[in-house]
Amino acid sequence: QIVQAVVKYEKDRIGEMVESALEAGMDPERIINESLIKAMDMVGKDFSANRIFVPEMLMAATTMKEGLNKVKPLLQASGGKAKGTVMLATVQGDLHDIGKNIVGMMLEGGGFEIIDLGINISSDDILAKVKEQKPDILGLSALLTTTMPQMKKVIDLFDNENLRDQTKVIIGGAPVSQKFADQIDADGYAKDAATAVDLCKELIEQSISS
Ligand code: B1M
């Protein structure tokens, strides 16, 4: 039902469906992975096949966000000292933020403090924010093949400013891969939100032990 609500853009009904699933004892991460993300994959396929167009894709995204809002409070960590700070941004030219937002929610659930810069953020703005707020990790998201080069731009700026020891850079998003991360010399790549949490924990542990 949740999948159908997203693909049919039932923004007004999805909230109560997610609530019912939660009340019935369904795991929040299962709702995200097996319903909400699955639905967006179906939307992407329909878009590729010209069965739907940008306005419909946007309506599906709005519906999904409504569903995510219901799950979010359950993913947030309760108290305790933060494991570290992760700054997140979708790179310049890219407006996709659903994946980044899920990564942020899961990281919060994993005990990290999140600074979310938002979407379409230029490498210069990212650099300025990193210098100002000194996060342990910077997480960059890109969903378009055309915006992936922006990630390299940020890493080059980091190299020039000698920021690689202060802040590790991880990347993610559907068109991004471990191979691309190696090519641009990122500190890590995560294929999904759960992997991003493990990766951030590993990077923090490494920086404590070195
Ligand atoms: Co766009 N779009 N879109 N879109 N859109 C895609 C990405 C596309 C694959 C659709 C398709 O053709 N099948 C295609 C890209 C093709 C390409 O580059 N190869 C595409 C296109 C072409 C476009 C436009 C150019 C369309 C147009 O205008 N003609 C345009 C570009 C706008 C821009 O950015 N400048 C556009 C616009 C939009 C909307 C605004 C309408 C909307 C976005 C709304 C929003 O995000 N607020 C939208 C949507 C919804 C999609 C699809 C359907 C769904 C994306 C999504 O939210 N997926 C998408 C097709 C698809 O992906 N199947 C598509 C669910 C999300 C949970 O997954 O983001 O992959 P994802 O995140 C995952 C992982 O990738 C990973 O973890 C997440 C959770 O598991 N992850 C990270 C993500 N970031 C991470 C960061 C990390 C670690 C892991 O560390 C930091």
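Tutor: Some ground rules before we start: residues count from 1 along each chain as its sequence is written, and side-chain values use heavy atoms, with hydrogens and water left out. As the model is predicted, local features need pLDDT of at least 70 and side-chain atom pairs count only at pLDDT 80 or more, while totals for chains, interfaces and linings use all residues.

Student: How many residues surround the ligand?

Tutor: A residue is near a molecule if one of its heavy atoms lies within 4 Å of it. Ser48, Leu95, His96, Asp97 and Ser141 are the closest ones. The shell around the ligand counts 36 residues.

Student: Which helix gives the largest share of that shell?

Tutor: Helices here are DSSP runs of H or I with at least four residues, strands are E runs of at least two, and both are numbered from the N terminus. Helix 3 (28-48), helix 4 (54-75), helix 5 (98-109), strand 3 (137-141) and strand 4 (168-172) each bring at least two shell residues. The largest share is seven residues, and that comes from helix 3.

Student: How many residues of the shell are nonpolar?

Tutor: Ala, Val, Leu, Ile, Met, Phe, Trp, Tyr, Cys and Pro count as nonpolar, Asp, Glu, Lys and Arg as charged, and the others, Gly among them, as polar. The shell has six charged and ten polar residues, and its nonpolar ones number 20.

Student: How far is a ligand oxygen from the backbone of Leu95?

Tutor: Polar contacts are pairs of N or O atoms within 3.5 Å; within protein, one must be able to donate a hydrogen and the other to accept it, and residues adjacent in sequence count only if both atoms are side-chain atoms. A ligand nitrogen is 2.9 Å from a polar backbone atom of Gly93. For the ligand oxygen and a polar backbone atom of Leu95, the distance is 2.7 Å.

Student: Is Thr167 buried or exposed?

Tutor: Buried means under 20% relative accessible area, exposed over 50%, and partly exposed in between (1.4 Å probe, protein chains only). Thr167 sits in the loop between helix 7 (149-160) and strand 4. Its relative accessible area is 0%, so Thr167 is buried.

Student: Which side chain makes a polar contact of 2.8 Å with the side chain of Thr167?

Tutor: A polar atom of the Thr167 side chain also lies 2.7 Å from the backbone oxygen of Pro135. The side-chain partner at 2.8 Å is Gln166.

Student: What is the phi of Asn50?

Tutor: Asn50 belongs to the loop between helix 3 and helix 4, and with 55% relative accessibility it counts as exposed. Its phi is positive, in a residue other than glycine, and lies near 60 degrees.
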